[in-house]
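I opened the model to look up helix packing and aromatic contacts. My notes follow.

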Amino acid sequence: MLTSFNFRISLAAALLGATVIAGSAVASPIVKIDGSSTVFPITEAVAEDFQIAKRGAVRVTVGISGTGGGFKKFCRNEIDIVNASRPITQLEMEACKQEGVQYIEMPIAFDALTVVINPKNTWSKTITVEELKKIWEPGAQGKITNWNQINPDWPDKKIKLYGPGADSGTFEYFTEAVVGKAKSSRGDFTASEDDNVLVQGVASDIYALGFFGFAYYIENSKKISAVAVDNGSGGVLPSTASVENNSYKPLSRPIFIYVNAKSADKAEVKDFVNFYMQNATELVKEVKYFPLSKEVYNLNLEHLNKKKVGTVFKGTGTNTKLEDILKLESSL
């Protein structure tokens with residue numbers, strides 16, 4: 001049975017195929033996007049609906065090389081838009097500056113970065129931020145190997161860890177929020193830029209633990225379980241309510257697209273971004289993330305039309321509140 005997401009892909013592929021069969025003499029313009037696997041479901045949903053609306057007149061390609069990998073391509077002028085699960089870093093700002101790449105920053109949703117376990121795990125349904133740090137900090141490598149080393153009440157069994165790769169913005173955000181420094185992590189875990197690989201790893205091992213974006217958890221909630229994160233006030237599960245009231249700390253976060261300012265002069269890119277912001281609320285909900293207010297999406301379009309370039313996050317967006325987004329973006 002096809003999900004609505006897979007159905008949309010099939011429909012768009014069929015429409016695109018029909019366009020090719022029709023033998024169009026002029027190649028369709030292409031909007032090139034790459035970056036975060038976390039943001040991918042939103043942008044892919046937008047891309048499929050946009051291509052259907054355009055009846056194949058514009059192609060949109062969406063890659064998943066990770067936020068870091070996407071920014072490398074973006075700052076080399078290779079793509080029009082980068083999906084980012086965290087704000088642009090100082091090093092990326094410098095790389096873009098060297099190549100003359102200016103960018104329009106657009107927050108598009110909130111994500112609840114989700115810690116997951118196997119459903120048969122009955123002991124760690126709640127975990128503290130300190131326990132997460134004890135598991136993931138660099139000094140844990142080769143030393144913290146069993147569950148009972150994290151908490152003596154937990155089993156004396158080897159813990160199997162799964163997480164995004166080093167180019168992932170989710171990896172950077174998690175390590176900054178939990179360990180205290182971006183990319184500061186033990187290295188002896190199964191890493192992948194494909195979140196579905198991580199899902200399957202946790203689903204197949206009772207002693208596994210991993211983390212990735214909320215949408216991948218919800219899509220696979222019959223195979224894996226979310227862990228309640230305790231930041232000192234009791235365990236909190238990721239949900240719409242806990243993201244909106246900022247109680248799911250420190251793992252709720254804004255996610256973004258960045259638009260190349262020169263690319264925004266191209267009709268197909270501008271049309272795509274307009275379509276994105278006009279349909280974001282519905283499609284963000286459809287793929288199980290948390291939409292921002294209409295004001296933010298309208299402000300993104302205002303920035304697009306006025307070519308307001310730059311970033312307000314200065315290399316970090318850890319623990320940004322929902323209401324902060326509008327305030328920050330208004331200051332651009």
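Predicted model: local features only at pLDDT ≥ 70, side-chain atom pairs only at ≥ 80, totals over all residues.

**Helix packing**

I started with two helices: the axes of H2 (residues 40-53) and H10 come within 9 Å and cross at roughly 120°. Axes here are lines fitted to C-alpha atoms, for helices over the stretch in contact, and angles run from 0 to 180 degrees between N-to-C directions. I therefore logged H2 as oblique to H10; under 35 degrees counts as roughly parallel, over 145 as roughly antiparallel, 65 to 115 as roughly perpendicular and the rest as oblique. The crossing of H2 and H10 is right-handed (the near helix is turned clockwise from the far one by less than a right angle). I then listed the contact residues (heavy atoms within 4.5 Å). H2 brings, among them, Ile42, Val46 and Phe50. From H10 come residues including Phe272, Phe275 and Tyr276. Helices are DSSP runs of H or I with at least four residues, strands are runs of E with at least two, and both are numbered from the N terminus.

**Ground rules**

Residues are numbered from 1 along each chain as its sequence is written, and side-chain values use heavy atoms, with hydrogens and water left out.

**Aromatic pairs**

I searched the whole structure and got 17 aromatic pairs. Rings of Phe, Tyr and Trp (its six-membered ring) pair if their centres lie within 6.5 Å; planes under 30 degrees apart are stacked, over 60 edge-to-face and the rest tilted. Trp136 and Phe211 have ring centres 5.2 Å apart and planes at 85°, so I filed them as edge-to-face. This pair links distant parts of the chain, with Trp136 in helix H5 (residues 129-136) and Phe211 in strand S9 (residues 208-212), 75 residues apart. Trp136 and Phe211 are both buried (under 20% relative accessible area; exposed is over 50%, partly exposed in between; 1.4 Å probe, protein chains only).

Phe272 and Tyr276 are also edge-to-face, at 5.8 Å centre to centre and 90° between the planes. Both sit in helix H10 (residues 267-286), 4 residues apart, about one turn of the helix.

**Two last checks**

Arg253 lies over the face of Tyr173, 5.7 Å from the ring centre (NZ of Lys or CZ of Arg within 6 Å of the centre and within 35 degrees of the ring normal). Met93 is in helix H4 (residues 90-98). I noted Met93 as buried, because its relative accessible area is 14%.
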